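Hi,

Here is the structure I said I'd pass on to you.

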Amino acid sequence: MKALLLAGGRGAHMAPFSSTRPNPMIPVGGRYVIDRTVSMLYEAGINSMKLVVGHRPQMLTKHLSPEHPTGMAIHFIDQGKQNGIGKAMLKARDQFSPGEHFVLVYADTLTASNIISVILQSFSLHNEPTAAICLTRSGEKYGNVYLGKDMKITKIIEKPKLKAGLGNYVLAGVFVLPEAFFGFLEKSKGNMEAALKHLIKKQSLRASIWGDDWLDMAYPWDILKANQMVMDQWKEAAIHQSVELSNTKIKGPVRICEGADIRAGAVLEGPAYIGPGSFIGHNVLLRPYTSVGANSVIGHGAELKNCVIFPETVVGRLSFIGDSVVGEGVDIGAGTMTINRTIDKKEVKIKEGRTLVRAGLNKLGAFIGDGAVIGASNILDAGSMVQAGKKIPHNCSYPAKR
Amino acid sequence: MCGIAGIASLEDISERLVGSIRNLEYRGYDSCGIALVNGSKAIRVSKNIGTVDEVGAKENFSKLKGSLGIAHARWATHGKVTKANAHPHTSCGKGFSITHNGIISNYTNIKAGLLKLGHKFSSETDTEVIVHLVEEYYKKLKSVEQAFVSALRDLDGSFAIALVTKHEPGRIYCARFESPLLIGLGDDANYIGSDFSAFIQHTKNAVFLEDGEYSIVTHDSHCIKRISTGETVSRPVQELKWDPEMAQKGGFPHYMLKEIYEQPQIVQNALDIDRKLILGFAKIALEKSRLYITGVGTTFYVAQLGQYYFSQYAGLTPMVISSDEFRFLAQVDKNCAVLALSQSGETYDTLTALRHAKSMKATTAAIVNVMGSSMARMVDHLILQQSGPEICVISTKAALSQMIILARVVLEVGVMNKRITLKQAKTFEKEIGQLPGAIEKILNEKSGFIHSIAKTHSKIRHWLFLGRGRYYPIARESALKMKEVAYVHAEGMPSGFLKHGTIALIDDRLNSVIFTPPEEEKQLYELTLSSAEEIKARGGYLLGITFKSRSKEPLPFTDQIVLPEAPPFIAPFLEMVVAQLLSYFTATTLKRNIDRPRSLAKSVTVA
């Protein structure tokens, strides 16, 4: 069976990271989301994948070409204009032949274990179109499904109002569909919801309940949740044989990759990830759920907690980075603090354009886009968004946009 | 539900065939059998009641030999659990043998016709008519395929069928309509099965039959044709990748959730149970001077709920005793009736209680799910639940089914006792009829909220489950669910009891759930809310399970699950479904072993 992966979207709410990369190229637990998905597909027995790219396509094509280590055959399809899921799918239509079933995956969803294996098993029970469904705290953002007899989906309600009082299972962004589905898509002018409704009416769509953790990476703080979800699966520490440790305290599942340079006095509390070729200075404190990308430098005495640092980034000495995400090639000057709570310990709210978005978290730090430069001795307010490539002078407290 | 399997090969496949039905036992385990073909010699059929291993020992499965055969794991629907009713069934001339999963709805008509033609039936099953019908057509048409297809065209209902015949010893004929069937293609053999767990150990290549199709399978070939037209269908071979247990869960992550979702159907099955059976027991309950209801664990709480329904709607308060304590408390004599509740019908404590009652000459009755079980065989009056096999160790659907059956008994007794009018009884029965839809609505629309609450509070180690009146046994049963599946300490108690001691426990590390009746039950509703206020006043977390109300007054709950309005008679059952999901999601968040919790077994057959 082949897979169709949709990775063309811009990540509407993923600023400041969306300006420089597509969502699947965000690293969590030390691996890009796309690599997790490809491995999952491969482990589930799929060895041919059609990947629709659109936003910043070169990043994906460069990262995945020419050969994926799994041996997965990857064929790229350019979405061109970014105009929705259905239209993106239709671009891939000629890759599939009549009568064939394929796996459809939205590339910015993430699961704690292999959802592809599970849906394929459910599919093989009846050999009928199948949709993975799951429960989430924010069901109002997704298609809410009604189940009838024998797991047949009888109805889908798109993004119901909160008032409606619906707490249904929602579509989890993973399907097994017949080639004929493209016909439904065409009829509905590329409207995915309408096409699914057609499928339910004319044929049938069965559900496969996904009972494990599931996440749709929509907002920058979802990167932190995704990172936690992945790291919660880790049971033990793994330290590459090339790594020398002296006077380092390690607690819990800490993963240290090849060529990492860990200096004396570091305290590493897992779950944590230290990428290949990275540098962890003297007396650095890594607290749980910290992920340091490849070739990054964490200066002497810095404290990192629940944060994702992309590759090639520098965190200057005596800094504190907490509940934050730091992009690739970022330079954070010495003595920079992220503030990760409001003064009255209430939920941190973030301004997105004109609307205030509730992250649902009481601790939230800064989100720093790729290539930003932050001068020494800065204080970044809770919920700060630093645009990619922005330069903040030394000694200049950075206000959160609110 | 039953399971069918078949294998066509040139080598001996008897052991593999037994393995196939062992893997299908989850579809039915009250009896099983196999039929082996050895050239044009007579077909060898071995069958009996019991599990595959029990029957294997009785019938010496290990001594059987054959290169082609079919097999069946049965869950009785038509006809009792007897050796004669077990599949495969064989035609009068012993030339054909058949296994079947499904229900032939027009079998009485067909049977009458065949009886006239001189066919002799050896079982009470609907299945047997098919094999005689094929034999009859074969006499006229002299072609097995034509006879098979002609017979299929006469059948109404649902079926997955496998047929072997000495006339064509290298072939298995099979067909499906609304019951599952697929073909597995192996290197040295081909297989058929109700699902792929029948043959996944031998091959991963499968072809799916669709409704209205039949197939002829040999050791190295298969073809698929339409029953109606005979035209050949081409169907691609699919590679299956998966573990058999996944197949059995049918798209659900756990049996527990699957069985929770089966409850709408199970309520319907309980309503479809012959009224004569219900009435029969109602008469016993009323005639005898004392009625005991006994069960243990969940079934004890079911009995307790029954006690409240008896009291409220039938003006009768039966004695309810946990069966492990029965010997020490019950005063039983010939003027007593003892009703036992057990899913498996093998629960040691309850069997002991029944034996004690029998020895004291009491009239015994039981509500049991497994036909042919020890309890089913020993009681004077038996009501079978028709809940289908319950695999998860934690009982959900079987318990609800027992509650519905008890409620039906209560209504009959209530009318006879003149506590309620016939009209009222009819209304209540209609209300039970609304349950399947109402449960479906809860499963569809409330799962997300219950899941969120369970996730938020998964670290809480102590829970109180509170309710008054009929909601008290529901609270106790729900607390037991939390304990068994999530390994979280939970106590169920009457909410009025709270202030007499337990309230001292309330703090931020103890959560409470309160089962609130609909507003119409005014007194119960208000008393329940006053208990809720007591908890709120002490700053404890309180989850209210409640129904949509007309009054706008804020309720004293920290969180609430609001269910659509429902008649008071069925309201407790709906709240129990919410609590089932709460325990289930707490357990999944805590990554518990859902279907096989530590230290527990499906049927406790020891003291």
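**Where the parts touch**

Between chain B and chain A there are 11 residue pairs in polar contact, counting pairs with both residues at pLDDT 80 or more. That cut-off is there because this is a predicted model.

On the side of chain B that touches chain A, the elements giving two or more residues are helix H6 (244-249), helix H7 (255-261) and helix H15 (422-456). H15(B) gives the most, with 11 residues. Sorted by class, that side of chain B has 12 nonpolar, 10 polar and 7 charged residues.

In total, 29 residues from chain B and 30 residues from chain A take part in the contact. About 2,600 Å² gets buried between the two chains, with 54% of it on carbon and sulfur atoms. There are also 2 salt bridges across this interface. B:Lys591 forms a salt bridge with A:Asp212, and their closest N and O atoms are 3.2 Å apart.

Now zoom in on chain A, which is divided into domain 1 (2-218) and domain 2 (231-392). Their C-alpha centres lie 31 Å apart. Domain 1 puts 14 residues into the contact and domain 2 puts in 21 residues. Here the buried area is about 1,200 Å², and carbon and sulfur atoms give 58% of that.

How many salt bridges are there between domain 1 of chain A and domain 2 of chain A? The count is 2. A:Glu328 and A:Arg21 meet in a salt bridge at 2.9 Å, N to O. The two domains of chain A also have 3 residue pairs in polar contact, again with both residues at pLDDT 80 or more.

Cheers

Methods:
Residues are numbered from 1 along each chain as its sequence is written. Chains are lettered from A and ligands numbered from 1 in the order in which they are written. This is a predicted model: local features need pLDDT of at least 70, side-chain atom pairs count only at pLDDT 80 or more; totals for chains, interfaces and linings use all residues. Side-chain values use heavy atoms; hydrogens and water are left out. Contact means heavy atoms within 4.5 Å. Buried area is the accessible area (1.4 Å probe) that two parts lose on being put together, summed over both. A salt bridge is a side-chain nitrogen of Lys or Arg within 4 Å of a carboxyl oxygen of Asp or Glu. A polar contact is a pair of N or O atoms within 3.5 Å; within protein, one must be able to donate a hydrogen and the other to accept it, and residues adjacent in sequence count only if both atoms are side-chain atoms. Helices (H or I, at least four residues) and strands (E, at least two) are DSSP runs, numbered from the N terminus. Ala, Val, Leu, Ile, Met, Phe, Trp, Tyr, Cys and Pro count as nonpolar, Asp, Glu, Lys and Arg as charged, and the others, Gly among them, as polar. Domain bounds come from an automatic or database domain assignment.
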